[in-house]
Amino acid sequence: MTGKPQKPGLAARSAAMRLLNGVTADGRLLSELIGAGALAALPPEDRARAQRLATATLRHLEKADRALKPFLRKAPPPEIRNILRLGLVEICEEGAASHAVVDACVEIANRGRRTRPAKGLVNAVLRKADPEAWRTRPPARLPRWLRDPLVAAYGKRGVAAMEAAHAAGAPLDLTAKGDPALLAQKLGGTLLPTGSVRLTDPGQVSTLPGFVEGEWWVQDAAAALPARILAPATGEKVIDLCAAPGGKTLQLAAAGADVLAVDKSADRLTRLTENLARTGLSARILTADALEVTETAPAILLDAPCSATGTIRRHPDLPYAKDGSDFAGLIALQAQLIDHAVTLLDPGGRLVFCTCSLLPDEGEVQIEEALARHPALRADRDALTLPGIYPNWITEEGGLRLRPDRAPMEGGWDGFYIACLRRTD
Ligand SMILES: C[S@@+](CC[C@H](N)C(=O)[O-])C[C@H]1O[C@@H](n2cnc3c(N)ncnc32)[C@H](O)[C@@H]1O
């Protein structure tokens, strides 16, 4: 071995910095960066630590920028700003020992040609980190490109409440293959009124009892609702048009439906196949563009590709990796998929449309326009009446609006929009 031994925690912090730069400078999602091997060279504990640090920094990014502003005469270059953000969040939010974080951040700055000149600044600023003052600051605001349309839809107070929910993060929700009450008991979790099992401090998911045996799968409580709303009868044929990686397919199969799971991504369908194998459930799988499906069914689920803005509390990188420029294409595709799904519905059949989005263009507006285009469809409000769902969450056009700040139970849920459309001709 040559060279000085690495300071403890430095490898994880350096990797977290690379993740942070990849999101904020290159517009890549954490999942893409990690999937492409960004953490592959690290031992498992450093990998977990790097991911946790990068995620925490992104979750509190705008709050960190506001806290740093008084100490900076001018905006620092992006890489230095990210070192400051990371250090501040680790001290103030993660409760790490200040001197260790300052030393590590100075060392990280010292290692880069472009960041070296700023190591004195990093040292001086991070020494002033004040966890007490941090606690009194409001949560991170969303970037303007996303905040503006959300304020237009939900008002400033609504968006501030969502931002508080994003800052709080998310618990782990599971869907049981069998009896959820028994699963809640077995894992010491809480059974939510909607039927999901919630764990607040789960540790590593794959080591929880029943994972290997396929007794449950990870699925946010909001994401578990579309299949419950579709409520297939035993043996009923259901087409799941955008199915992978398969959380909803598993629910439909567990309910005894005869499921055709369609997705155009072969890679994502591999995960669906693995999930079916682990849980011992079955579905027919079709790798295809949903727009080319010709089979018909009395029940169709369309979990359309969308902005995923409802999942920010789990994926705080999203507001920084994206800028909304690809959303118009997604919104147009959603409308096309709805129109095609309607042609596959048997007379009297039902189509459940959903998106994990907070944007009305991918929910309320989409369904309002679909109802105008298809006079034979009606929105089935009764299908949305489930335990744990408040009547005032039902929207004017007859859909269900779920928001991260809107939940009676401890811990909130993801943002989602769900509507059940029935063919009346
Ligand atoms: C929101 S995800 C589905 C999540 C899934 N329903 C679940 O519960 O695990 C959207 C899916 O739509 C798929 N997709 C996008 N465009 C498609 C198309 N034209 N035809 C079929 N699948 C499509 C994507 O590959 C992605 O897997």
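Ala231 sits in the loop that runs between helix 11 (225–230) and strand 5, and its phi is near 40°, a positive value in a residue other than glycine. Keep in mind as you read that this is a predicted model.

**Backbone details worth a look**

- Most residues other than glycine have a negative phi, and most peptide bonds are trans.
- Ala231, with phi near 40°, has a positive value instead.
- The peptide bond from Ala244 to Pro245 is cis, and its omega is near 5°.
- Pro245 belongs to the loop between strand 5 (237–240) and helix 12.

**Around the ligand**

- The ligand has 17 residues around it, and those that come nearest are Cys242, Gly247, Ser265, Ala290 and Asp303.
- Two elements, helix 12 (247–254) and strand 6 (258–263), each contribute at least two residues to the shell around the ligand.
- Sorted by class, that shell holds eight nonpolar, three polar and six charged residues.

**How the two domains meet**

- Where they touch, ten residues of domain 1 are in contact with five residues of domain 2.
- On the domain 1 side of this contact, helix 1 (10–24) and helix 3 (44–59) each supply at least two residues.
- Helix 3 gives the most to that side, with three residues.
- The side of domain 1 that touches domain 2 is made up of five nonpolar, three polar and two charged residues.

Two packed helices are described by the angle between their axes and the distance between the axes.

*With helix 4*

- The axes of helix 4 (residues 61–68) and helix 5 (residues 78–92) come within 9 Å of each other and cross at roughly 100°.
- Helix 4 and helix 5 are therefore roughly perpendicular to each other.
- Helix 4 brings Leu61, Ala64, Ala67 and Leu68 to the contact, while helix 5 brings Leu84, Arg85, Leu88 and Val89.
- Seven of the residues in the contact of helix 4 with helix 5 are nonpolar and one is charged, with no polar ones.

*With helix 3*

- Helix 3 and helix 5 have axes that come within 9 Å and cross at roughly 100°.
- Leu53, Ala56 and Thr57 of helix 3 make the contact with Arg85, Leu86, Val89 and Glu90 of helix 5.
- By class, the contact of helix 3 with helix 5 splits into four nonpolar, one polar and two charged residues.

*With helix 7*

- The axes of helix 5 and helix 7 (residues 119–126) come within 10 Å and cross at roughly 25°.
- Helix 5 is therefore roughly parallel to helix 7.
- The crossing of helix 5 and helix 7 is right-handed.
- Helix 5 uses Ile80, Ile83, Leu84, Gly87 and Leu88 to meet Val122, Val125 and Leu126 in helix 7.
- The contact of helix 5 with helix 7 counts seven nonpolar residues and one polar residue, and no charged ones.

**Residues to pick out on screen**

- Arg85 and Val89 of helix 5 take part in the contact with helix 4, and Arg85 and Val89 also take part in the contact with helix 3.
- Leu84 and Leu88 of helix 5 belong to the contact with helix 4, and Leu84 and Leu88 also meet helix 7.
- Gly247 is one of the residues that come nearest to the ligand, and helix 12 (247–254) is one of the elements that supply the ligand shell.

Methods. Residues are numbered from 1 along each chain as its sequence is written. This is a predicted model: local features need pLDDT of at least 70, side-chain atom pairs count only at pLDDT 80 or more; totals for chains, interfaces and linings use all residues. Axes are lines fitted to C-alpha atoms, for helices over the stretch in contact, and angles run from 0 to 180 degrees between N-to-C directions. Helices (H or I, at least four residues) and strands (E, at least two) are DSSP runs, numbered from the N terminus. Angles under 35 degrees count as roughly parallel, over 145 as roughly antiparallel, 65 to 115 as roughly perpendicular and the rest as oblique. Two residues are in contact if their C-beta atoms, placed from the backbone, lie within 7 Å. Ala, Val, Leu, Ile, Met, Phe, Trp, Tyr, Cys and Pro count as nonpolar, Asp, Glu, Lys and Arg as charged, and the others, Gly among them, as polar. A residue is near a molecule or strand if its C-beta atom, placed from the backbone, lies within 6 Å of it. A crossing is left-handed if the near helix is turned anticlockwise from the far one by less than a right angle, and right-handed if clockwise.
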